[in-house]
Amino acid sequence: MVFKSNLLCKIIGFVHLINNQLYKSKYLTIFKRLGSHSVLALIALIVIGGATRVMEAGLACPDWPLCYGSFLPFNHMNLRVFLEWFHRLDAFLVGILILFKFSLSIIWKNEIPNWLPKTYSILLFLVIVQGSFGALTVINLLDSYTVTGHLLIAFLLLITTISINQNLENNDIEEPLIWWRFLLFFPLLLTLVQSFIGVRLSSTWSAHICLSFNKQCLILNIHKLFAFPIAFSILLITAAAIYKRSLLNENWKYLSALIFLLFSQIALGVLSLKTNLNEPIFIIGHQLNASLFIAILTTLIFRNPFTKKGLNHSLNSQMVGINT
Ligand code: HEM
């Protein structure tokens with residue numbers, strides 16, 4: 001009799017545990033989906049922002065937050081107004097998406113890890129700061145530091161969103177492999193510095209001035225030279241992964257993407273200069289490539305470097321939980 005009731009308790013416990021896991025994973029799946037949409041929307045936003053700058057459409061809407069005093073400025077619509085208007089619309093949608101995720105995380109706070117609402121609040125803060133910088137770019141008539149801050153915060157938003165997504169994917173990493181993360185963090189930092197120099201270069205028109213009058217070439221030269229430490233750090237990471245075979249086996253897709261993006265970034269930079277900055281496609285491509293490079297690096301930093309091991313570990317802990 002005692003044996004039977006013990007067995008019944010175990011079965012009820014098991015069903016409860018499975019139910020609970022499914023229940024929780026349902027919420028996490030929603031956040032993961034919303035997170036992937038946010039990453040796409042952010043990259044699109046950065047590219048449209050680049051196109052807006054290249055087409056010199058940054059002041060095409062003279063007021064803020066509306067455009068020519070209207071939500072849909074049909075009467076003033078042309079390519080430049082469309083770009084600036086669409087940039088704002090996408091930014092608005094990204095803001096709403098982040099606010100939505102934050103609100104859901106507050107409503108479901110008992111069902112999700114408690115770090116989630118906190119990180120969403122950071123994201124919300126960043127998006128508010130980003131909106132303010134967007135307004136300041138118009139008010140300050142595209143002041144170089146404001147434009148630079150605007151792009152760097154966009155990259156920070158992208159990095160935070162991807163790190164949240166990856167943390168949701170690997171809820172229980174056994175050992176996060178600190179040295180690997182540290183090694184990857186280095187090129188990310190260098191790329192952010194390089195992007196800072198890059199936006200200063202474009203927003204002060206230094207590249208144009210250097211090419212036309214051979215003046216103010218210092219920023220352009222620093223930008224070109226800075227590609228070397230970035231390339232070197234990526235080579236170092238690849239070498240480390242080749243040395244630790246398991247890292248290469250698990251992360252080769254990301255590492256190959258990183259190497260490809262590095263070379264195409266340099267090629268797009270060279271092509272932009274060779275065409276005297278007259279081909280918007282190369283300049284916008286350079287900006288898109290930079291954001292993809294940052295996205296892949298961030299994914300590599302925060303993803304579980306040994307997914308199969310992580311899966312085994314997760315399954316093992318479930319089994320241990322069930323057995324006990
Ligand atoms: C390897 C890493 C590199 C990264 C992460 C990077 C990133 C960036 C970023 C974020 C911008 C600002 C884009 C904009 O505001 O439209 C920029 C601008 C620029 N970059 Fe790079 N860049 C890299 C390498 C290079 C190289 C090797 C060259 C040339 C040999 C180059 C040439 C340029 C030029 C000319 C601009 C200014 C474009 C303009 O004035 O519109 N970049 N870069």
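**Helix packing and the ligand shell**

User: Which residues of α7 meet which residues of α8?

Analyst: Two residues are in contact if their C-beta atoms, placed from the backbone, lie within 7 Å. In this structure, Ala227, Ala231, Ile234, Thr238, Ala241 and Ile242 of α7 meet Leu247, Leu248, Asn251, Leu255, Leu258, Ile259, Leu262 and Ile266 of α8. The model is predicted, with local features needing pLDDT of at least 70 and side-chain atom pairs pLDDT 80 or more, while totals for chains, interfaces and linings use all residues. Residues are numbered from 1 along each chain as its sequence is written.

User: At what angle do the axes of α7 and α8 cross?

Analyst: Helices are DSSP runs (H or I, at least four residues), numbered from the N terminus. Axes are lines fitted to C-alpha atoms over the stretch in contact, with angles from 0 to 180 degrees between N-to-C directions. The axes of α7 (residues 218-243) and α8 (residues 245-274) come within 10 Å and cross at roughly 160 degrees. Therefore α7 is roughly antiparallel (over 145 degrees) to α8.

User: How do α8 and α9 pack?

Analyst: Their axes lie 9 Å apart, at an angle of about 155 degrees, so α8 and α9 are also roughly antiparallel to each other. Among the residues that meet are Tyr254, Leu261 and Gly269 in α8, and Phe282, His286 and Phe293 in α9.

User: Which residues come nearest to the ligand?

Analyst: A residue is near a molecule if its C-beta atom, placed from the backbone, lies within 6 Å of it. Of the 26 residues around the ligand, Ser195, Gly198, Ser202, Ala227 and Gly269 come nearest. The elements giving two or more residues to this shell are α1 (2-54), α5 (178-203), α7, α8 and α9 (280-302). With seven residues, α5 gives the most.

Key: Angles under 35 degrees count as roughly parallel, over 145 as roughly antiparallel, 65 to 115 as roughly perpendicular and the rest as oblique.
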